[in-house]
Structure formats: C-alpha cells, structure tokens
Amino acid sequence: MKHHLDFSYESRPVRVVFRSGAATTATAGEGAALGLRRLLVVCGSHGAATAQAVADSLGPACAGLHDGARMHVPVEVADRAVEVARAAGADGCVAVGGGSSIGLGKAIALRTGLPLIAVPSTYSGSEMTPVWGLTEHGAKRTGRDPVVLPRSVVYDPELTLSLPVPLSVTSGINAIAHAVEALYAPDTSPLVALMAQEGVRAMAGALPEVAADPGSLEARGRALYGAWLCGSCLGATTMGLHHKLCHVLGGTFGLPHAETHTVVLPYVLAYNAPAVPDAAAAVARALDADDAPHALRELAGRLGAPRSLAELGLKEADLAVAAAQTAGQAYANPREVTAEGALAVLRAAYEGAAPEFPAA
Ligand code: NAD
C-alpha cells in the first residue's frame, strides 16, 4: 500500500453473477446475453457430472461436453480441446471446475478467440484474470492476454459443497495469497487494497466454518465471495516473490499447487513485511490478529493443512536449486530477493519453522 495517492487502475469488463444454484439457472442467460448459440462445455474428468448438469441447462445452445481438462494445461490437451471446439462449430466455451478447467477454457480462447464463460468450483481465482498457462516438455509458460479473460463468471456456492475440506482450506489460503501480494504489488491501488482486505477477511472468517461444517451453504458462500475478491486482486496486479516461489516449486519439483501456496505464504510475508509494514498491518487487521505471518500459519495448522515443504515431498537438496532459480529471475517484489534470502525463506518453509526473518 502506498502513502501517497499515485496509482493506475484498469477495470476489466467481466460480468459476475453470484447466486446459489446459478450454475444451472444463470449460465444459459449469460451465454444468450453474449449472443452465443453454440457453447462447448469443458471440464476435468472429476467434475463431469456437474458440467453435464450445466450443459443440460443450456438446452439447444449446448454444442457438446468435453471432459479433457488436466492439471497445468498440457499443450496436447489444449490442442485436442481446440479440435473439439472447431469440430463442434462452437461460438463460445463454458469452463466448469477449478483452475485446471478454467485454464483449458482460456487455452481455447487464446488459440481461437472464442469468448469464455467461467463457472468456478474452487477458490483459485483464475476466472478473474487475463493470465493463461500452458505446459510443454515439463515447462509451464504463462502470459497475459485480454482474450482469455472470461466475459462472464457464474459463482454458485452449491458447486463448492463437494470440495473436500483439505482442498477447501488450501485453495482458500491460495486465494488469500493473491490478496496479500496485491497489497504490496507495484501496481496496487486503493480499490485493490479494499478488495484485498475484504477478501482476506471473508475467506479467513469462512474457512474455519467450512472445515467444521462443509455442508454449510452460508459458509461456502462467504468463502467463494472471498475467492472472487482475491481473484480480482490477482487479475489487477503483478504478483511477487510468493507466486514466483510457488511457480518454481510446482513447475520444477512437481509440488501440488494449493498446498504449496499454503505452506509458503507465511514465510514470504514475514520476509517482505519489513519492507512493506503497512501491507503487513492491513493483512493482520483483516485476520483480526497482531502478526499476519504467524496468524496465517496458525490458521493453516488449526485447519489441518500441511505446514512444511518437507511434508509435501520436497528434498533438502532441492532447496538450493529452488533458491537459485527464484533469485535468478526478474520480477517485482518489495524486498530484494538475494539467493541467500530466497534460501532462508525456503529453508524455514521446508522445516515449517516459525515465520520470522531479520529485517536486513
Ligand atoms: P484444479 O482445478 O486442478 O482442481 C483441484 C482438484 O479438485 C481436481 O482434482 C478437481 O477435479 C477437484 N475439484 C475441483 N472442484 C471441485 C469440487 N467443487 N468438488 C470436488 N472436487 C473438485 O486446481 P485449482 O487449485 O482449482 O487450480 C490450480 C490450477 O489453476 C493450477 O494449474 C494453477 O496454475 C492454475 N491457476 C491459474 C490462475 C490464472 O490466473 N491463470 C490463477 C490461479 C490458478
């Protein structure tokens, strides 16, 4: 956050519908409002039943269902989906599911220019961003292109009722990470800061209730509302050390996305806090806590989430490699990331130690 009012903010043309039951009652109307008549529904093999219900609700505007989404959008999976979309004569796509399904919808949009409607079932936030990702020969490429930003997003808390508690918790903290990094992003702004603080507050408040009562539509709704706000922050700003580290840990070492975010976040925030005390204080206020990194680690632990990279299968020998990769890249971060600094963050996260670092 900045003391002086000096910012740029671009609002992006996304329509958002948020309502229980909206996946099967509002998606058809969103397609019609966009003038779309042949929608291809895409999903992962896991979410096929939900996606089928969405497809059925489209009636004659459904051009087919393709359940080929896979984690991190392998290029051959994207190629196949583009073929299916062309063969079906689709004039738009509806992606139903988590970040992997929405990622496939974005890949189709990137290749074909077809407009995308997103119906998210996790808290990943991908639906609110113009960021695409494709994986080829084990390396994930990402980029920004307005064509992949969904034209319309249909949030339906009922879709998230089936999200297992461990994934709800880690996906929720993944969302919080977007808001945290948005607060100290070089392109943060007053509106982003408002969304970030409300997003953290909503998500951190809802997660213990989701964990205690996964069937509570009320708690699920507040978590999804938080995910929308946090995803909006992700789409509006440039992410820093946290997202870069998680990208390296996922891309090079195959660590799971949401769990890795959950483990790493307190450590990166502790590392960056001395450089951005206002942002750290804003996160703490949103968490109703004195110290944001400790509160985040405590929240994850209390809700049964993994707390160390060792638990996630990282090897001690990988720490130096990951640190060198993280320090060797250019990206925005409020505190300089030296190889030693990156290694200190990684080592503490590996051990699950207290999230505390010297200021310099
Ligand atoms: P995901 O989509 O792979 O889903 C994780 C698992 O949960 C899958 O097995 C899926 O089938 C299952 N699942 C999803 N919704 C469910 C539900 N409601 N009930 C039961 N099971 C459900 O993972 P994710 O965490 O949603 O997204 C992570 C991916 O998205 C990563 O590849 C990440 O890089 C990408 N991502 C991209 C952006 C972006 O802006 N481009 C933003 C965030 C994440």
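A: In this predicted model, the count of disulfides comes to zero. A disulfide is a covalent bond between the sulfur atoms of two cysteines. Here the rule asks for a pair of cysteine sulfur atoms within 2.5 Å. Cys 43 is in no disulfide, and the nearest cysteine sulfur, that of Cys 62, is 11 Å away. With a relative accessibility of 0%, Cys 43 counts as buried, because the limit for that class is under 20%. For Cys 246, the closest cysteine sulfur belongs to Cys 230 and is 15 Å away, which is too far for a bond. Cys 246 is also buried, at a relative accessible area of 7%.

The sheet comes next. Strand S2 covers residues 39-44, and S2 is one of the six strands of an open sheet. The strand order is S1-S8-S5-S4-S2-S3, and the pairing is parallel. At the edges stand strand S1 (15-18) and strand S3 (62-69); each has a single partner strand, so one side of each is left without a neighbour in the sheet. From one strand to the next the twist averages 20°.

S2 and S3 run parallel and are joined by five bridges. Within this pair, Val 41 stands opposite Leu 65 of S3. Helix H5 (residues 99-112) packs on the sheet and touches S2, S3, strand S4 (92-97) and strand S5 (116-120). The direction of H5 makes about 165° with that of S4.

Another helix, H8 (residues 217-236), lies across S1 and strand S8 (152-155). H8 runs at about 170° to S1. Ala 219 is found in H8 and is buried, with a relative accessible area of 0%. Apart from neighbours within four places in sequence, Ala 219 is in contact with Ala 206, Glu 209 and Val 210. Gly 205 is 14 residues from Ala 219 along the chain, and the C-alpha atoms of the two are separated by 8.7 Å.

Between H8 and helix H9 (241-253) there is a loop, and Thr 237 is found in that loop. Thr 237 is buried, with a relative accessible area of 2%. The side chain of Thr 237 reaches the backbone oxygen of Cys 233 at 2.8 Å. Leaving aside neighbours within four places in sequence, the contacts of Thr 237 are with Arg 144, Ala 182, Ala 185, Asp 187, Thr 188 and Val 192.

Two annotated spans complete the picture. UniProt, in an unreviewed entry, places the feature "domain: Alcohol dehydrogenase iron-type/glycerol dehydrogenase GldA" at residues 13-157. This span is 33% helix and 31% strand, and its end C-alpha atoms lie 23 Å apart. The UniProt annotation "domain: Fe-containing alcohol dehydrogenase-like C-terminal", also from an unreviewed entry, covers residues 169-350. Residues 169-350 are 71% helix and 0% strand, with end C-alpha atoms 20 Å apart.

Notes. Residues numbered from 1 in each chain as written. Predicted model: local features only at pLDDT ≥ 70, side-chain atom pairs only at ≥ 80, totals over all residues. Heavy atoms only, no water. Pairing = 2+ DSSP bridges. Helix = DSSP H or I, 4+ residues; strand = E, 2+ residues; numbered from the N terminus. Axes fitted to C-alpha atoms, helices over the stretch in contact; angles between N-to-C directions. Contact = heavy atoms within 4.5 Å. Buried < 20%, exposed > 50% of the residue type's maximum accessible area, 1.4 Å probe, protein only. UniProt positions renumbered as here; feature names shortened; annotations may be inferred. Polar contact = N/O pair within 3.5 Å; in protein donor to acceptor, adjacent residues only side chain to side chain.
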